[in-house]
Amino acid sequence: MIAYFMDHRDMLLGAFFEHLWLVCETLFLSIVLASILSYILLEHQKASQTVIQVFGAIYSIPSLALFALLIPFFGLGNATAIPVLVAYNQYLLIRNFMTGLTGVDASLVEAAVGMGMNRRQVVTKVRIPLAMPAILSGIRLSIISTTGIATIAATINAGGLGKILLSGLRTMNEEKIAWGTILCVVIALAADLLLKRFERENTLLLNGAGK
Amino acid sequence: MAAVTFKDVYKQFEGMGYPALDHVNIEIAEGEFVTILGSSGCGKTTFIKMINRLYEPDAGEILLFGKQIRDKDPVQLRRRIGYVIQQVGLFPHMTVGENIATIPHILKWDKERINAQVDAMLLLVDLEPQEFKNRYPAQLSGGQQQRIGLARALICDPRIMLLDEPFGAIDAITRENLQNELKRIHTESKKTYIFVTHDIREALKLGTKIMIMNQGQILQYGTPEEVLAHPADGFVEELIQTSGVSESLLKDGDGI
């Protein structure tokens with residue numbers, strides 16, 4: 001196993017960083033889009049259930065099918081992979097963001113509005129800090145989910161660890177499959193641990209245990 | 001000039017069969033401590049939430065220090081009005097000092113001015129600045145929290161304070177102390193206070209004027225002595241009798 005890694009470390013590490021980059025790009029775009037949508041949905045809470053349901057429906061489409069469906073529009077490679085991965089993330093992110101943002105105690109919002117905060121200040125100074133645990137757990141879930149689904153993106157030539165897994169499968173190379181899997185787990189686990197740490201620190205802060 | 005003027009104000013919430021405010025007319029002079037008394041659903045909270053435009057009237061006019069409030073930007077308007085609610089609403093992720101400085105911070109006061117004012121406000125509500133400034137709301141008792149709520153509302157030196165049952169969830173002894181201090185702060189500041197309560201003793205003790213409301217209408221507006229001596233109608237009379245305060249308060253004059 002180790003010997004295989006040493007012999008093929010350029011290929012394996014290359015795929016690892018390609019994968020990591022795909023996850024980072026996706027995550028960045030997903031968070032931007034989900035933040036904008038959540039901000040809008042805060043003002044239109046009646047619509048928010050519908051929007052979340054629509055993204056839930058998208059989330060339930062098998063990724064292989066969705067990649068295949070979009071190839072005619074965006075072609076092969078990242079141009080198709082990233083929009084699909086971003087679309088999948090919207091369900092996880094918006095649902096968690098909205099749960100956190102709307103779960104803030106109504107009396108805190110009333111105090112904030114009553115003292116003269118404008119709409120944006122209520123969101124940035126009160127809702128977002130208090131929704132942080134839910135926001136972080138949404139991001140954590142979406143990293144784990146993207147890391148997994150992005151391997152499927154190799155079928156449409158998006159590269160990353162999926163490429164290793166696919167070629168391992170084709171050639172029945174168990175070591176290759178094992179390393180592809182391990183490196184995926186490394187990304188997901190590292191993100192998971194890192195964000196859990198943030199969550200814990202944040203919870204301590206929210207409970208008034210000091211900075 | 002009146003601090004607050006309501007001209008034929010009418011408000012009915014959607015899905016309610018009766019109005020929350022039923023053609024209300026009132027003029028509150030500057031410097032008064034008005035206690036609004038009434039049972040739940042009588043319109044007293046609606047009344048004060050209209051002054052800082054958390055609610056908008058369906059009809060009628062509201063003037064604050066002679067100016068139409070509907071012509072003002074609600075956010076700017078609220079920054080000039082102190083607002084205290086029963087649940088206090090301290091932000092749990094901010095220290096006591098940060099909570100008190102919320103609006104000065106938004107208004108971009110300089111650091112020294114904020115610091116000095118926060119200390120002054122803490123002293124005003126009888127809390128030691130060095131001891132309390134860096135604590136979090138969760139580390140305070142209910143009474144201390146409401147003191148911070150008052151400090152936060154007072155920091156911009158508003159000409160008018162709106163208080164919605166601020167001591168409703170506080171134990172009797174602490175409440176007594178808070179009432180005394182609020183009375184002292186009002187007397188020193190000579191600002192206009194409008195204080196909603198359903199506790200007649202509290203209303204009589206604190207108010208320079210009492211406004212008694214029922215079913216969206218103002219039944220009586222007068223000094224505590226006037227209300228006790230000449231109840232406007234059967235409802236007011238009953239309210240005073242059932243609470244059993246008239247005689248004791250009239251006899252020893254405590255708190256009036």
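The model is predicted, so local features need pLDDT of at least 70, side-chain atom pairs count only at pLDDT 80 or more, and totals for chains, interfaces and linings use all residues. Residues are numbered from 1 along each chain as its sequence is written, chains are lettered from A and ligands numbered from 1 in the order in which they are written, and side-chain values use heavy atoms, with hydrogens and water left out.

**Helices in chain A**

- Helices here are DSSP runs of H or I with at least four residues, strands are runs of E with at least two, and both are numbered from the N terminus.
- Helix α2 (residues 9–43) and helix α7 (residues 119–152) of chain A pack at an angle of about 145°, their axes 9 Å apart. Axes are lines fitted to C-alpha atoms, for helices over the stretch in contact, and angles run from 0 to 180 degrees between N-to-C directions.
- Among the residues of α2(A) that meet α7(A) are L22(A), L27(A) and I31(A), while the α7(A) side includes V123(A), I139(A) and I143(A); contact means heavy atoms within 4.5 Å.
- By class, this contact of α2(A) with α7(A) has 10 nonpolar, six polar and four charged residues. Nonpolar covers Ala, Val, Leu, Ile, Met, Phe, Trp, Tyr, Cys and Pro; charged covers Asp, Glu, Lys and Arg; the others, Gly among them, are polar.
- In helix α8 (residues 161–171) of chain A, the buried residues include L161(A), I164(A) and L165(A). Buried means under 20% relative accessible area, exposed over 50%, and partly exposed in between (1.4 Å probe, protein chains only).
- Just after α8(A), M172(A) takes a positive phi of about 55°.

**Salt bridges**

- Over all chains, the structure holds 22 salt bridges, each a side-chain nitrogen of Lys or Arg within 4 Å of a carboxyl oxygen of Asp or Glu.
- R159(B) and E30(B) form one of them (3.3 Å, N to O). R159(B) lies in the loop between α7 and β7 of chain B and E30(B) in the loop between β2 and β3, so the pair ties together parts 129 residues apart in sequence.
- R53(B) and E56(B) also meet in a salt bridge (2.8 Å, N to O); R53(B) is buried at 13%, whereas E56(B) is partly exposed at 34%.
- R175(B) bridges to E202(B) (3.9 Å, N to O), and both residues are buried.
- In chain A, R140(A), D192(A), K196(A) and E199(A) are linked in a network of salt bridges.
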